[in-house]
Amino acid sequence: CSGISAPATINSARVLDNVTNASVTTFTANKDSTVTITFGDDCYVPPGLCVEEHYYSGTVTLPNNPNGYYVTWTTCCRNGPLVNVASSGNLLYAQIPDPALAGGNSSPEFVPYPRDGYFCIGNVKQIDFSCSDTDGDSLRYSLINPFNATSGGGTRPFTLTAFNAGFNILNILGPGSMCTINPATGFVTARPAQLGLYVVAVKCEEFRGGVKIGEVVRDIQYSALNCNY
């Protein structure tokens with residue numbers, strides 16, 4: 001809540017061809033609402049932890065394109081200080097298929113930010129990064145290196161956020177910790193070893209008839225706390 005200010009409007013979100021990276025159009029999304037998440041349960045309410053969710057919407061009309069599209073928008077910076085990654089930009093990204101795809105398509109949607117969205121030092125926690133998909137497509141999940149920014153014009157390849165010393169994609173939470181994902185369910189099992197603010201990024205890919213048609217990414221920050229139950 002006291003981090004980088006969220007804009008009132010997302011300006012110039014870019015839509016690009018999924019194969020050629022050619023720019024197709026841009027669009028604007030306006031903020032509809034802001035929700036402050038209530039953390040904790042009857043056993044424990046974490047002190048000093050405050051996270052806001054901001055909801056934006058906009059409309060863009062895209063021609064049929066067998067290549068499909070992807071959408072990018074970059075913020076200047078992340079909240080900090082961060083334990084596992086360097087201070088950097090933050091890229092919002094989703095890949096969508098051809099609008100003419102038989103049966104249409106809605107991208108997978110991640111579950112809401114959970115009320116237990118924090119780590120407790122030394123304790124194993126399961127975090128729900130699963131998605132729902134109204135089309136019944138098959139979903140597959142993986143932990144990924146968080147994105148920093150796009151290249152010129154908002155295109156791929158994306159610049160990856162640099163990990164701090166002692167951290168990497170195979171050791172996201174650092175020495176003495178664990179962080180793994182179930183590729184079928186999207187549940188992350190994690191146990192941090194030191195206090196602080198961490199970034200965790202998950203990719204959800206959707207498949208139809210065994211063919212990949214799109215993907216979405218969730219990139220969020222989790223605080224590791226000394227929890228007292």
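**The sheet and its surroundings**

Modeller: The accessible surface of the chain comes to about 11,200 Å², and 52% of it belongs to carbon and sulfur atoms; such areas come from the Shrake-Rupley method with a 1.4 Å probe, and for residues only the protein chains shown count as cover. The model is predicted, so local features need pLDDT of at least 70 and side-chain atom pairs count only at pLDDT 80 or more, while totals for chains, interfaces and linings use all residues. Residues are numbered from 1 along each chain as its sequence is written, and side-chain values use heavy atoms, with hydrogens and water left out.

The chain has 16 strands and 0 helices; both are DSSP runs numbered from the N terminus, with at least two residues (E) for a strand and at least four (H or I) for a helix. Its radius of gyration is 18 Å, close to the 17 Å of the globule rule for 229 residues, so the chain is as compact as a globular protein of that length. This radius is taken over C-alpha atoms, and the rule is 2.2 Å times the number of residues to the power 0.38. Along its principal axes, the C-alpha trace spans about 55 × 35 × 35 Å. Of the 229 residues, 45% are buried, where buried means under 20% relative accessible area, exposed means over 50%, and partly exposed lies in between (1.4 Å probe, protein chains only). Among contacts between residues at least 6 apart in sequence, 68% join residues at least 24 apart; a contact means heavy atoms within 4.5 Å.

The sheet itself is open and has 3 strands, in the order β8-β14-β13, with antiparallel pairing. Strands β8 (125-128) and β13 (178-181) stand at the edges; each has a single partner strand, so one side of each is left without a neighbour in the sheet. From one strand to the next, the twist averages 20°, an angle on a scale from 0 to 180 degrees between the N-to-C directions of lines fitted to C-alpha atoms. Two strands count as paired if DSSP finds at least two bridges between them. In general, strands of a sheet pair through backbone hydrogen bonds, either parallel or antiparallel.

On one side, 4 bridges join β8 to β14, and here I127 stands opposite V188.

In soluble globular proteins, nonpolar side chains tend to be buried together.

Beyond four places in sequence, the contacts of Y118 include K125, F39, Y44 and Y222. I121 lies in the loop between β7 and β8 and, at 26% relative accessibility, counts as partly exposed. Leaving aside neighbours within four places, I121 touches P192, A193, Q194, L195, A224, L225 and N226. I121 and A29 are 38 Å apart in space, C-alpha to C-alpha. In β16 sits Q221, which counts as buried at 18% relative accessibility.

Of its 7 residues, 5 are buried, so β4 is largely enclosed by the rest of the structure. Strand β1 (residues 9-17) is joined to β4 by 4 bridges, antiparallel, with V71 as the partner of V15. Strand β5 (residues 90-96) also pairs with β4 in the antiparallel sense, over 7 bridges, and N90 is the partner of T75.
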